[in-house]
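Please open the structure in your viewer and keep the selection tool at hand.

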Amino acid sequence: MMEACNCIEPQWPADELLMKYQYISDFFIALAYFSIPLELIYFVKKSAVFPYKWVLVQFGAFIVLCGATHLINLWTFSIHSRTVAIVMTIAKALTAAVSCATALMLVHIIPDLLSVKTRELFLKNKAAELDREMGLIRTQEETGRHVRMLTHEIRSTLDRHTILKTTLVELGRILALEECALWMPTRTGLELQLSYTLHQQNPVGYTVPIHLPVINQVFNKNGAVKISPNSPVARLRPLSGKYIPGEVVAVRVPLLHLSNFQINDWPELSTKRYALMVLMLPSDSARHWHIHELELVEVVADQVAVALSHAAILEESKKARDLLMEQNIALDMARREAETAIRARNDFLAVMNHEMRTPMHAIIALSSLLQETELTPEQRLMVETILKSSNLLATLINDVLDLSRLEDGSLQLDIATLNLHSVFREVHNLVTPIASVKKLSVTLNLAADLPVYAVGDEKRLMQTILNVVGNAVKFTKEGSISIKAFVAKSESLRDFRAPDFFPVQSDNHFYLRVQVKDSGSGINPQDIPKVFTKFALTQSLATRNSGGSGLGLAICKRFINLMEGHIWIESDGLGKGCTATFIVKLGFPEQSNESKLPFAPKMQANHVHSNFHGLKVLVMDDNGVSRSVTKGLLVHLGCDVTTVSSSEEFLRVISQEHKVVFMDVCMPGIDGYELSVRIHEKFPKRHERPVLVALSGNTDRITKESCMRVGMDGVILKPVSVDKMRSVLSKLLDHRVLFEAT
């Protein structure tokens, strides 16, 4: 038998009280369940982009069923009908079904929700990164703005001192620097010199060795480098007081290669060199250098290098321009002085030519008149000597004038059709009498293929041949002289002695080769170049009485150069003779005009008038001696001569009775050109007008053209001998035209 238990049970609330608590709890649970769907409906309505609306609807149905279950459960705390139990059962069954479906659905959507969260975190990270990039872009834009502003300030001037000072000031302002300095290499390149500072707390001119490790570190890196504040190049302020120095960076500034420039006080750089820019942050501050600030410093250093290069080039160009202007001014002054000297020389030569030819005219004319009188042998020898000396002096005057015109470029060739064979025969006829006196034989050999007619300057060609042959006669005491002329073949044109002579063959021209060989005194080979120098005589020739001026071959060489040719001399030494050879370019005459070639045979002596008895001639010359001499020549030839000394008297005296007029064109007052025009006006018909001849000391191209322009019939050159005057009058009366070549 079991013993009775005397245990005391705990005091639990009465069943009615429990039921009351459950009743109240179910009521609030049902209220809460019914309020949650309302909040979900509000959320769905307001959230238009939420992707799981149908899940929220399902979850709302689950909550509503749970709330309905708790609400129906209120009727189960008292005696209730079967209907309440069935409704309760149905509600719980539906709640269970919806709960399971919701649970299964959450299994599927939870990973999606987690991925959304991941994307959210990713987007947040991207947003943060984008913010950083935007901050960097803003920083870069700010840096770029500073760079553009600084570049504009730097490039607003091309003065290097202004560029460097502006750079330091603008960098100090933009970066809030305590100090900024620029170290430039010295002229020797072994040191860096403190050239520019921002606040000038350190004396400019302080130097440090360029091979310091810190300097090499900066120079070897393409960018800004942080350096110790205690390094020599960073000591930019006095060491006084206790402070914490700010961070210091240094950057190299490339300098332009100045191997081709030398600009004022800049070093002469032949290798790549750098300047050093040092920047210091404020002391006693926690500020550090940022990347964008370093980039700004690097960009500015490059811009400064470019600006300095431009400044260096500009300085050099200005210097070159100034030098060029000075040279141009000097050249212009030299040109003006040369032109003045040439004008003065030409004026002097013109005056001297006229003044020298006037007495020469008197000497030769009177000597030739005297020669035709009864003379003793001794007197005749003296007169002939006077004539030879006078002719030599006249030749010298002509040579000086020719050389002057050759040197100033005013002498031009008188190109016309000429009889080439006649030129050589005339030269041979001129030198043969002289050679016969010295008992020398002169042979002329003209090649069969040598054209009879050619196009060239007959007077210059004859003068050249005559000068070369005359030299051969002059310096040959005994033996012979040979003259050969032939057309130069292409293989014989090129000569090693004339590297600048480049003959070109064509169908319109040919090259004439003339060779003059003598058995005379010869020349030392080393003296050969001197024979073509004006006023220079070789030692071998200077010891002989050559009777030359040293101008002949010099002028011949220039004539030959004008005729696109070349001349040279060969000799084996003294006493071994000499061979002079020259080549000139001549043209072929047109075939259609060959039958019309204006060559008349030379007048023979019996065709020249020997007496001009009764021929009325008017002579006008302001020089009394020249006027008397010319009158004497004409009177000796039988002319009836009237002389006048002025243009006014000439105009009063001239009439149709005068058949020939000799006038000096250089007259005071009205010159000969104006007189010729007035004579044409006074005698418009040709048969009534006298033959007008200019008697001048200069018959160059300009004088000829001027005389032809005013209608003169001829020009003859002073001095004039009896034979020359006789020949001139004969030609004038036969052809009525005579223009003597110079």
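The stops below lead from a nonpolar core to salt bridges and then to an annotated residue. Please bear in mind that this is a predicted model.

**First stop: the largest nonpolar core**

Select Leu-420, Leu-512, Ile-569 and Phe-582. These residues have the most contacts inside the largest nonpolar core, which has 43 residues. Next, colour the elements that give two or more residues to this core: the helices α8 (420-437), α9 (458-474) and α12 (552-562), together with the strands β10 (480-487), β11 (509-518), β12 (566-570) and β13 (578-587). Which element gives the most to this core? It is α9, with seven residues. In soluble globular proteins, nonpolar side chains tend to be buried together.

**Second stop: another core**

Select Tyr-196, Val-251, Val-300 and Ala-301. They are among the 32 residues of another core, which lies apart from the largest one.

How many salt bridges does a search of the whole structure find? The search finds 15, and several can be visited in turn.

- Select Glu-293 and Arg-287, whose side chains meet in a salt bridge (3.1 Å, N to O). Glu-293 is buried, because its relative accessible area of 9% is under 20%. Arg-287, at 25%, counts as partly exposed.
- Select Arg-460 and Asp-457, where the closest N and O atoms of the salt bridge are 3.8 Å apart. Arg-460 is buried at 4% relative accessibility, and Asp-457 is buried at 4%.
- Select Arg-321 and Asp-322, which form a salt bridge at 3.9 Å, N to O. Arg-321 is partly exposed at 48% relative accessibility, and Asp-322 is partly exposed at 37%.
- Select Asp-332, Arg-335, Arg-336 and Glu-339, which are linked in a network of salt bridges.

**Final stop: an annotated residue**

Select Asp-664. An unreviewed UniProt entry places the feature "modified residue: 4-aspartylphosphate" at this residue. Where is Asp-664 placed? Asp-664 is in the loop between β16 (660-663) and α15 (672-682). Is Asp-664 buried or exposed? Asp-664 counts as buried because its relative accessibility is 1%.

Technical notes. Residues numbered from 1 in each chain as written. Predicted model: local features only at pLDDT ≥ 70, side-chain atom pairs only at ≥ 80, totals over all residues. Heavy atoms only, no water. UniProt positions renumbered as here; feature names shortened; annotations may be inferred. Helix = DSSP H or I, 4+ residues; strand = E, 2+ residues; numbered from the N terminus. Buried < 20%, exposed > 50% of the residue type's maximum accessible area, 1.4 Å probe, protein only. Salt bridge = Lys/Arg side-chain N within 4 Å of Asp/Glu carboxyl O. Core = buried A, V, L, I, M, F, W, Y, C linked by side-chain atoms within 4.5 Å.
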